[in-house]
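Reader: Could you walk me through this structure? I am new to it and would like to ask questions as we go.

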Amino acid sequence: MKVTEHIAQTKKTLFSFEILPPLKGVGIQAIYNTLDPLMEFKPPFINVTYHRSEFIFRKTADGLFEKKIVRKRPGTAGICAAIMTKYGVDSVPHLICGGFSIDETEDILIELDFLGINNVLLLRGDKMKSEEIFTPQKDGHKNALQLINQTVKMNKGAYLEEELNNAMPTDFCIGVAGYPEKHYESPDFDTDLQHLKSKVDAGAHYIVTQMFFNNQKYFDFVKACRQIGIMVPIIPGLKPITTKKQITNLPKIFNVDIPSDLLKEFEICNSENDYKQVGIEWAIQQCKELMNEKVPVIHFYTMSNSESVKNVVANL
Ligand code: FAD
């Protein structure tokens, strides 16, 4: 089933989980170890992130350095298929522009279609660590909007080879990313919102937000979206903070704020366990408030650590 169909059918808030493919060389059991403890909450769908290749430098025998391209977390499509087979729940692969030509994008969309996967979350992807700014692949998409346009065309049976007659249309339900605290590259909130509107106008069916720790930012974001005519479901994304390090790392990596009330609670923590408990309790309160406001789904960023997410959902 499509994400939008799950949303249309439910009367209560659903819980979905986002996982990362394991590092190359680690088996699929790692995915099951993350998901097994969460399946009791009957997630309607599981998201699986996509990770672009990175350049690394390796020292050669003659003492020089060679530049190599390495994808550290491959396997998104295969993991999605495995999840559907093992648990009988829908999966949502993330697809990114970075590192893909439009032909390669078409190929992966065909593969997903053949696997019976008809949900995708379409993203631009971040810049490579070695880049100053995001650089698209030669013949690749520059932003999520272009990726949406390609997918919407395929949903109408239009592939890259224009001479294909009566080509089978795909039937993807398309999700996109939204940023309650604005995307870090955008000059201002309103410009970012207009870009989000372009993605929805182009055919995106729903939005999943970046993580936030202050629900008011989500409520304000939804209100601003509705005011400019973005009417699709907006799924809040949450991440319980589980370590002291994340208090500084998460805002840096994801360009989000941690509210002063939460920071005050962290100030009196003495152990890693204290930090985890505060993070879990904060996420529980966020969820309760969001559920009171009848959000259709809460999307949890597990970052491959299901323990604290399980703790949160078990308390709802
Ligand atoms: P876009 O919508 O293309 O926007 C990127 C920037 O360009 C924004 O600042 C936007 O305002 C601006 N922009 C858009 N259109 C235009 C235009 N026409 N002219 C000028 N500016 C424009 N990353 C991964 O690599 N893998 C993942 O699996 C992944 N999953 C994610 C899941 C969620 C729910 C979220 C919220 C993010 C995820 N990301 C993932 C991170 C995401 O790829 C980055 O945040 C990326 O920097 C932006 O992606 P986007 O799809 O929002 O880009």
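**A charged patch and other features**

Author: A negative surface patch is made up of Asp103, Glu104, Asp107, Glu111, Asp139, Glu161, Glu162 and Glu163. Please keep in mind that this is a predicted model.

Reader: Where is Glu111 found?

Author: Glu111 belongs to helix 4, which covers residues 102-114.

Reader: And is Glu111 buried, partly exposed or exposed?

Author: Glu111 counts as partly exposed, because its relative accessibility is 45%.

Reader: Let us move to the loop between strand 5 and helix 4. Where is Ser101 placed, and where is Gly98 found?

Author: Ser101 has its place in the loop between strand 5 and helix 4. Gly98 is found in the loop between strand 5 (90-96) and helix 4.

Reader: Is Gly98 buried or exposed?

Author: Gly98 is buried, because its relative accessibility is 2%.

Reader: Which residues is Gly98 in contact with, leaving aside its neighbours in sequence?

Author: Once neighbours within four places in sequence are set aside, Gly98 is in contact with Arg52, Arg124 and Phe134.

Reader: How far apart are Gly98 and Leu250 in space?

Author: Their C-alpha atoms are 22 Å apart, and in sequence Gly98 and Leu250 are separated by 152 residues.

Reader: Back to Ser101: is it buried or exposed?

Author: Ser101 counts as buried, because its relative accessibility is 11%.

Reader: What is Ser101 in contact with?

Author: Leaving aside neighbours within four places in sequence, Ser101 is in contact with Gln137, Lys138, Asp139 and Gly140. One of these, Asp139, is also listed in the negative surface patch.

Reader: Arg124 came up among the contacts of Gly98. Which residue does Arg124 form a salt bridge with?

Author: Arg124 forms a salt bridge with Glu185, and the closest N and O atoms are 2.8 Å apart. This pair links distant parts of the chain, 61 residues apart: Arg124 is in the loop between strand 6 (119-123) and helix 5, and Glu185 is in the loop between strand 7 and helix 6 (189-202).

Reader: How many salt bridges does a search of the whole structure find?

Author: The search finds seven salt bridges. Among them is one between Lys217 and Glu181, whose closest N and O atoms are 3.5 Å apart. That pair also links distant parts of the chain, with Lys217 in helix 7 (residues 215-227) and Glu181 in the loop between strand 7 and helix 6, 36 residues apart.

Reader: What about the exposure of Lys217?

Author: Lys217 is partly exposed, because its relative accessible area is 24%.

Reader: Which residue meets Asp201 in a salt bridge?

Author: The side chain of Asp201 meets that of Lys197 in a salt bridge, at 3.0 Å from N to O. Asp201 and Lys197 are four residues apart in helix 6, so about one helical turn separates them. Asp201 counts as exposed, because its relative accessibility is 54%.

Reader: Finally, where is Asn47 found, and what does it touch?

Author: Asn47 is found in strand 2. Not counting residues up to four places away in sequence, Asn47 touches Phe17, Glu18, Ile19, Val92, His94, Leu121 and His299. Asn47 counts as buried, because its relative accessibility is 1%.

Terms used:
Residues numbered from 1 in each chain as written. Predicted model: local features only at pLDDT ≥ 70, side-chain atom pairs only at ≥ 80, totals over all residues. Heavy atoms only, no water. Patch = residues over 30% accessible without salt bridge, like charges linked within 9 Å, V, L, I, M, F, W, Y side chains within 5 Å. Areas by Shrake-Rupley, 256 points an atom, 1.4 Å probe, with all protein chains shown as cover. Salt bridge = Lys/Arg side-chain N within 4 Å of Asp/Glu carboxyl O. Lys, Arg positive; Asp, Glu negative; His and termini not counted. Charge placed at Lys NZ, Arg CZ, Asp CG, Glu CD. Helix = DSSP H or I, 4+ residues; strand = E, 2+ residues; numbered from the N terminus. Buried < 20%, exposed > 50% of the residue type's maximum accessible area, 1.4 Å probe, protein only. Contact = heavy atoms within 4.5 Å.
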